[in-house]
Amino acid sequence: MTKNNVCTGGKTVRVIAADGSEVGSTYQKRAVGLVKKGRACFVNDFTIRLDMSDTIHNSEVIEMDHMKDIEAGNGQKENKVYKLYFNARNWKFNRDCNHNVGCRSFMEGPDGVLAEAYMIGDWGYNNWTEIVSETLLLPKNTDCSLTFWLNGGENDRNDEVCRFEIIFNNEYEQRYIYNLNRSYIKPLKKLNGWELYEIPFRTLDNEYAQMKFVAQKAYMTVMAAKDVSEYAHLADKPDLFEGERPQRHNLIFADGFPTNNWYSTEHLMKKHGMLDKKGKPVFTSGGCPIDVGDIWKRMDAVTEACEEIQGFDAGELIAQISNILLEALEGHKNQEEIMNLVVGEVADLLTTSVDEVTEAIVELSAKLEEIRDALLKK
């Protein structure tokens with residue numbers, strides 16, 4: 001054992017329950033504090049065992065790996081943020097609710113990757129459903145956040161319950177409440193019917209916390225998410241008719257929305273002239289129909305222009321410049337040296353520019369052909 005029970009081999013200390021089961025990890029100062037208060041004892045330099053006679057329970061998870069320094073624009077470090085990420089395995093249905101409905105399962109996420117999620121609640125009035133996290137032991141007076149993907153949680157009557165709560169020290173009346181429906185909180189990203197949230201909160205003078213998701217009168221799905229930065233390369237893809245629908249996308253429907261209602265995707269596309277009489281897509285711009293044949297003509301014109309530019313002969317232009325310089329410098333000393341210098345500079349400049357333009361045009365031509373093929377398939 002090292003002096004004063006200070007660990008030397010790592011930044012975190014492993015935490016196990018009284019029965020030896022794995023609980024999580026914590027930082028050194030916290031571990032020493034738990035031992036001093038009689039809440040735990042050191043097993044070795046890098047492990048402490050919790051005392052079950054204390055208020056600490058097996059359900060506590062102390063994940064210090066999520067603690068990160070957030071750097072300000074001036075390079076200085078701001079307060080550390082304790083970042084938490086939704087993990088369905090660490091959540092369960094609240095036994096205090098008599099009508100929980102839902103299930104935990106793997107689903108395809110908004111980025112096309114399988115992830116574990118909880119779908120909870122239904123359209124009924126009676127099935128108030130809650131899932132709760134394990135009890136967490138968090139550092140006091142610390143900025144924290146929970147990151148997750150959310151789908152659904154709204155109905156077309158505007159009377160649903162869809163929210164996230166944080167309860168400190170079992171003080172239910174003092175809980176934090178975050179309504180996740182009706183745009184009360186703006187998501188960080190919208191992608192393929194999912195919304196990405198990073199809910200911030202501060203622990204103040206609290207240590208013990210339990211988190212909760214609540215759903216009623218609408219199906220709500222909460223899915224594991226990676227750090228927000230991992231999705232920076234993905235462009236937002238919000239619902240095209242978001243401002244008109246009475247509820248947001250819900251996985252319970254194959255198309256995200258009921259097909260037999262006025263706000264179905266098909267109905268709204270017809271309303272905006274995006275479908276013809278046969279139900280086939282009509283391409284629009286700003287809500288106005290576009291003549292696909294006109295698109296093809298424009299593509300032909302662009303392709304022809306690209307071919308002309310690609311056929312540009314830099315050598316011929318350089319020869320013309322050489323003749324002009326020779327005439328202008330006739331009778332001057334060292335005219336050949338001056339001409340070669342100028343022509344060489346122009347040649348280098350033109351060659352570089354033509355190569356860059358040619359490369360860009362080749363890529364553009366290929367993309368136009370892809371678009372044309374896609375339109376023809378329509």
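# Reading contacts in a predicted model

Phe86, Trp91, Phe148, Phe164, Tyr178, Tyr197 and Phe213 form one aromatic cluster. The model is predicted.

User: How many aromatic pairs are found in the whole structure?

Analyst: The search gives 15 aromatic pairs. One of them joins Phe86 and Phe213, with 5.9 Å from centre to centre and 85° between the planes, which makes the pair edge-to-face.

User: Where do Phe86 and Phe213 lie?

Analyst: Phe86 is in the loop between strand 6 (81-85) and strand 7 (91-93), while Phe213 is in strand 17 (residues 208-216). The pair therefore ties together parts that are 127 residues apart in sequence.

User: Are Phe86 and Phe213 buried or exposed?

Analyst: Both Phe86 and Phe213 are buried.

User: Why is the pair of Trp91 and Phe213 called tilted?

Analyst: The angle between the planes decides the name: under 30 degrees is stacked, over 60 is edge-to-face, and the rest are tilted. The planes of Trp91 and Phe213 are at 40°, so this pair is tilted; the ring centres are 5.2 Å apart. Trp91 belongs to strand 7 and Phe213 to strand 17, 122 residues apart, so the pair links distant parts of the chain. Both Trp91 and Phe213 are buried.

User: Which ring does the charged end of Arg245 sit over?

Analyst: The charged end of Arg245 sits over the ring of Phe257, 3.6 Å from its centre. Another case is Arg175, which lies over the face of Tyr172 at 4.0 Å from the ring centre.

User: What is a salt bridge, and how many are there?

Analyst: A salt bridge is a side-chain nitrogen of Lys or Arg within 4 Å of a carboxyl oxygen of Asp or Glu. By this rule the count is 21. In one of these, Arg202 meets Asp143, and the closest N and O atoms are 3.0 Å apart. Arg202 lies in strand 16 (residues 194-202) and Asp143 in strand 12 (residues 143-152), so the pair ties together parts that are 59 residues apart in sequence. Arg202 is partly exposed, at 30% relative accessible area, and Asp143 is partly exposed too, at 25%.

User: How far apart are the closest N and O atoms of Arg157 and Asp159?

Analyst: They are 3.4 Å apart, and the two residues form a salt bridge. Arg157 is partly exposed at 37%, and Asp159 is partly exposed at 25%.

User: What separates Lys270 and Glu266 in helix 2?

Analyst: An α-helix has 3.6 residues a turn, so residues three or four places apart point the same way. Lys270 and Glu266 are four residues apart in helix 2 (residues 265-271), which means about one helical turn separates them. Their side chains meet in a salt bridge of 3.5 Å, N to O. Lys270 counts as partly exposed at 47% relative accessibility, and Glu266 likewise at 44%. Elsewhere, salt bridges that share partners join Glu154, Glu160, Arg182, Glu195 and Arg248 into one network.

User: Which residues of helix 1 are buried, and what covers them?

Analyst: In helix 1 (residues 28-36), the buried residues include Arg30, Ala31, Val32 and Leu34. Their cover includes strand 1 (12-16), strand 2 (22-27), strand 3 (40-44), strand 4 (47-50) and strand 11 (136-137). After helix 1 comes Gly38, with a positive phi near 80°.

User: Which residues make the nonpolar surface patch of about 240 Å²?

Analyst: Ile338, Leu341 and Val342 make this patch. Val342 is in helix 5 (residues 335-377) and counts as partly exposed, at 33% relative accessibility.

Key. Residues numbered from 1 in each chain as written. Predicted model: local features only at pLDDT ≥ 70, side-chain atom pairs only at ≥ 80, totals over all residues. Heavy atoms only, no water. Buried < 20%, exposed > 50% of the residue type's maximum accessible area, 1.4 Å probe, protein only. Helix = DSSP H or I, 4+ residues; strand = E, 2+ residues; numbered from the N terminus. Contact = heavy atoms within 4.5 Å. Patch = residues over 30% accessible without salt bridge, like charges linked within 9 Å, V, L, I, M, F, W, Y side chains within 5 Å. Areas by Shrake-Rupley, 256 points an atom, 1.4 Å probe, with all protein chains shown as cover. Phe/Tyr/Trp six-rings, centres within 6.5 Å; stacked < 30°, edge-to-face > 60°. Lys NZ or Arg CZ within 6 Å of the ring centre and 35° of its normal.
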